[in-house]
Amino acid sequence: DSSLSTIVHLAAAAALVEIGSDRSFDAVSNRLRSEFERGVPNGETVQRLVQLLGTMGGERIIEPVSQALLRVRPSPSSFKHDEARAEAARVLGDLGARAAVEPLKAAIESKKRNDYDAFQSQFAAARALGKIGGSGVFDTLMEMVLYDDPGVASGAARGLGDLGDSH
């Protein structure tokens, strides 16, 4: 049964992360990659794998977490896909690495090209930009406050609050 296999893989990956195994990053990122190779990834599985990568931290997680943010497409039949994308945005924001800015912007821009409900992930991506800060983020967030999408606009407002008085 594939759901049992998924549970076993997630439990094994979590155990590797918990014990601090050097192989944990490879195990988790490879499992995430295999979710994308399936065609339509399981939103809950992706969300859990992104959470595990988030606990590892470090710049090496940017690429696989960015892939989760950009490759998982929310679907009208499942909120889990948007939750997975939102988790990826939160992890990138918490990491605070400038390398995450472009994937976060791309995730927000993807809403303009697609007609799907992605409030959580749009909010989280805009907010993550505010947590990261840096050159150009203030102007980007100011533009996003004017978006028609309430997830982007409210996340951008919160992101501006996270930037503080530095601008």
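The expected span of a helix is 1.5 Å times one less than its number of residues. Helices (H or I, at least four residues) and strands (E, at least two) are DSSP runs, numbered from the N terminus. The model is predicted: local features need pLDDT of at least 70, side-chain atom pairs count only at pLDDT 80 or more, and totals for chains, interfaces and linings use all residues. Residues are numbered from 1 along each chain as its sequence is written, and side-chain values use heavy atoms, with hydrogens and water left out.

**Exercise 1. Overall make-up**

Task: State how many helices and strands there are in the chain, and what share of its residues is buried.

Solution. Step 1: the chain holds nine helices and zero strands. Step 2: along the sequence this reads α-α-α-α-α-α-α-α-α. Step 3: of the 167 residues, 49% are buried (buried means under 20% relative accessible area, exposed over 50%, partly exposed in between, with a 1.4 Å probe and protein chains only).

**Exercise 2. Helix H3 and its ends**

Task: Compare the span of H3 with the expected value, then describe what lies at its start and just after it.

Solution. Step 1: H3 covers residues 43-56, which are 14 residues. Step 2: the distance from its first C-alpha to its last is 20 Å, close to the 20 Å expected at 1.5 Å a residue. Step 3: the buried residues of H3 include Val46, Leu49, Val50 and Leu53. Step 4: at the start of H3, a side-chain oxygen of Asn42 comes to within 2.9 Å of the backbone nitrogen of Glu44. This is a polar contact, that is, a pair of N or O atoms within 3.5 Å; within protein, one must be able to donate a hydrogen and the other to accept it, and residues adjacent in sequence count only if both atoms are side-chain atoms. Step 5: just after H3, Gly57 has a positive phi of about 65°.

**Exercise 3. Helix H5**

Task: Determine what the end C-alpha distance of H5 is and how many of its residues are buried.

Solution. Step 1: the 16 residues of H5 should span 22 Å at 1.5 Å a residue, and the end C-alpha atoms are 22 Å apart, which agrees. Step 2: twelve of the 16 residues are buried, so that H5 is mostly covered. Step 3: among them are His81, Glu83, Arg85, Val91 and Leu92. Step 4: Gly96 follows H5, with a positive phi near 75°.

**Exercise 4. Salt bridges**

Task: Give the number of salt bridges in the whole structure, and explain how Arg31 and Glu35 are placed in H2.

Solution. Step 1: a salt bridge is a side-chain nitrogen of Lys or Arg within 4 Å of a carboxyl oxygen of Asp or Glu. Step 2: the whole structure contains seven of them. Step 3: one of these joins Arg31 and Glu35, at 3.4 Å from N to O. Both residues belong to helix H2 (residues 24-37) and are four residues apart, which separates them by about one helical turn. An α-helix has 3.6 residues a turn, so residues three or four places apart point the same way. Arg31 is buried at 14% relative accessibility, and Glu35 is buried at 0%. Step 4: Arg31, Glu35 and Arg38 are linked in a network of salt bridges. Step 5: in helix H5 (residues 80-95), Lys80 and Glu83 stand three residues apart, about one turn of the helix. Their side chains form a salt bridge of 3.3 Å, N to O, and Lys80 is partly exposed at 33%.

**Exercise 5. A link between two helices**

Task: Which residue forms a salt bridge with Arg127, and which helices hold the pair?

Solution. Step 1: the partner is Asp162, with the closest N and O atoms 2.6 Å apart. Step 2: Arg127 lies in helix H7 (residues 119-132) and Asp162 in helix H9 (residues 150-163), so the pair ties together parts 35 residues apart in sequence. Step 3: Asp162 is partly exposed, at 32% relative accessibility.

**Exercise 6. Surroundings of Ser29**

Task: Is Ser29 buried or exposed, and which backbone oxygen lies 3.4 Å from a polar atom of its side chain?

Solution. Step 1: Ser29 is located in helix H2. Step 2: its relative accessibility is 5%, and Ser29 therefore counts as buried. Step 3: the backbone oxygen in question belongs to Asp26.
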